[in-house]
Amino acid sequence: MSKGILTRLRLSSLRLRLVVVFALVALGAAVAASGIAYWLNREAVLTRTQDGALNDFRQEMQNRAATLPLRPTQDDLRRTAEQMAMGSADYQVLLLGERDAGKPIVGASDPDDFTLADVPRALQDAVGTERAVTEANPYPYHLFWQRVERGGTPYLVGGARVDGGGPTGYMFKSLAAEKADLNSLAWSLGIATALAVVGSVLLAQVSATTVLRPVHRLGEAARQLGEGKLDTRLRVTGADELSDLTRTFNSAAESLQKKVADMSAREESSRRFVADMSHELRTPLTALTAVTEVLEDEQDSLDPMIAPAVALVVSETRRLNDLVENLMEVTRFDAGTARLVLDPVDIADQITACVDARAWLDAVDLDAERGIVVPLDPRRLDVILANLIGNALKHGGSPVRVSVRTEEDELVIAVRDHGPGIPEEVLPHVFDRFYKASASRPRSEGSGLGLSIAMENALIHGGSITASNSVGEDGAVDGAVFVLRLPLDASDITREVRTRSGQGEVEEA
């Protein structure tokens, strides 16, 4: 059985449940109908045979046994029994009489087939019991019968006694033919039941296919909608509940497409605004930066009352310049124009250069072996390291430990500080744009984009960054840990790398 069939017929599938329900209902109905039919036919067959045999036996007892002398001989009883057994009812006869008082004699039509031992004792007692004659009971003796089984064959045993001291007679009729007829009927009903169940299963399959085909179409359309194919629509046929559901789906898809289009338009407008704003800010910022550099060079010769204001202008201008650069970078990621230029990078040298360029050598402890060379984008790796190490120094405090190792097909760079750690409620948001730490850390002077940009640069490499807290031996938080994971083999990076916010391109250096 193929995997597709197994999937369609899994225990939780609606198709299988419909088939099982149909089969159980059909089986229950067929069994009930067959049981009732069998019971009615059985009673009819047995009653007809039984009544015919007993009426014939009663008539023979009146016509033949009642004519025997009061003290018949054994030969008289045997001949009469043989004559009674020669009728059309096809049964054996046993007659009991008395040769003298207290001396019973027996005459049988076939002693080898029917003897007094074959007559149940309870039947003998019922036949031999004399009842009081009343208006409601004009006869002292009655005809009684009982069904017995001998050697697996059912028999009808009946008995009666002639009034006025005549002989007692018993008849013994085989019901083997009736049993065979009833067995044939049972087989026929069983086959009919099986055919009914098979037919119900086939009907259930057809019904399930008819009902589930629109449901399957709806599921497939919903899957396509979830994959971003917002123009997915279904053809509406009929006027039943499934058609109403299809119309509702189409209406929901159309509404979703419209809302997504509106959101995309607003998002594109926002991106264009940020890009234009950042671009427009760069020209005046360039002039401001040149002026602030001159002011910074002349700061020592300025009036002491003016120097603090100049220092504030210089720092804020640099901060504004960094913000604009970050906004430009975010805009490139969002627009899908970020480019990845791969080049073999010695990781230890790259980290050393990053730390040295920012004068962090005394505050950073590097644990990295020389010779680990990985094809990466050096500029983007520098951005990631600068943000992670700078964040650790700013919020966690020195010493900051940077360790490098390889695990299977990944490069793992861990940046750990020894500060108060990251609050649990903050951890899920540390890589969100414009998100800044809570009161447990000093408020950052940055823009809140650093870690977000670091994550984007990791994603465009096909890697990731995770944040967690380090726990000491006493169970207390002992600093935060940021772990950067990048692939060792960049050959699997396609020309279009899907990032969290757009599409990036990859170039070989």
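## Helices and sheets in a predicted model

Helix α9 passes helix α10 in a left-handed crossing. A crossing is left-handed if the near helix is turned anticlockwise from the far one by less than a right angle, and right-handed if clockwise. Helices (H or I, at least four residues) and strands (E, at least two) are DSSP runs, numbered from the N terminus.

This is a predicted model, where local features need pLDDT of at least 70, side-chain atom pairs count only at pLDDT 80 or more, and totals for chains, interfaces and linings use all residues. Residues are numbered from 1 along each chain as its sequence is written, and side-chain values use heavy atoms, with hydrogens and water left out.

### Two helix pairs

Axes are lines fitted to C-alpha atoms, for helices over the stretch in contact, and angles run from 0 to 180 degrees between N-to-C directions.

Start with α9 and α10. Their contact (heavy atoms within 4.5 Å) includes Arg-380, Val-383 and Ile-384 of α9. On the α10 side, Gly-450, Leu-451 and Ile-453 are among the residues taking part. By class, the contact of α9 with α10 has 8 nonpolar, 4 polar and 1 charged residues. Here Ala, Val, Leu, Ile, Met, Phe, Trp, Tyr, Cys and Pro count as nonpolar, Asp, Glu, Lys and Arg as charged, and the others, Gly among them, as polar.

Now take α8 and α9. α8 passes α9 in a right-handed crossing. From α8 come Ile-347, Gln-350, Ile-351, Cys-354 and Val-355. They meet Pro-378, Leu-381, Asp-382, Leu-385, Ala-386 and Ile-389 in α9. This contact of α8 with α9 divides into 9 nonpolar, 1 polar and 1 charged residues.

### The mixed sheet

An open sheet of 5 strands runs in the order β7-β9-β10-β12-β11, with mixed pairing. Two strands pair if DSSP finds at least two bridges between them. β7 (364-367) and β11 (464-471) are the edge strands, and each pairs on one side only. From one strand to the next, the twist averages 20°.

Strands β10 (residues 410-416) and β12 (residues 477-487) run antiparallel, joined by 7 bridges. Leu-411 stands opposite Leu-486 in β12. Helix α9 packs on the sheet and touches β7, β9 (400-407), β10, β11 and β12. The direction of α9 makes about 175° with that of β12. Helix α10 (residues 450-460) lies across β11 and β12, running at about 125° to β11.

### The antiparallel sheet

Another open sheet of 5 strands has the order β2-β1-β5-β4-β3, with antiparallel pairing. Its edge strands are β2 (103-108) and β3 (144-150). Strand β1 (residues 92-100) is joined to β2 by 6 bridges, and the two run antiparallel. Asp-100 has Lys-103 in β2 as its bridge partner.

### An aromatic link

The structure holds 4 aromatic pairs. Rings of Phe, Tyr and Trp (its six-membered ring) pair if their centres lie within 6.5 Å; planes under 30 degrees apart count as stacked, over 60 as edge-to-face and the rest as tilted. Phe-57 and Tyr-91 have ring centres 6.2 Å apart and planes at 80°, so the pair is edge-to-face. Phe-57 lies in helix α2 (residues 14-63) and Tyr-91 in the loop between α3 (74-85) and β1, so the pair ties together parts that are 34 residues apart in sequence.
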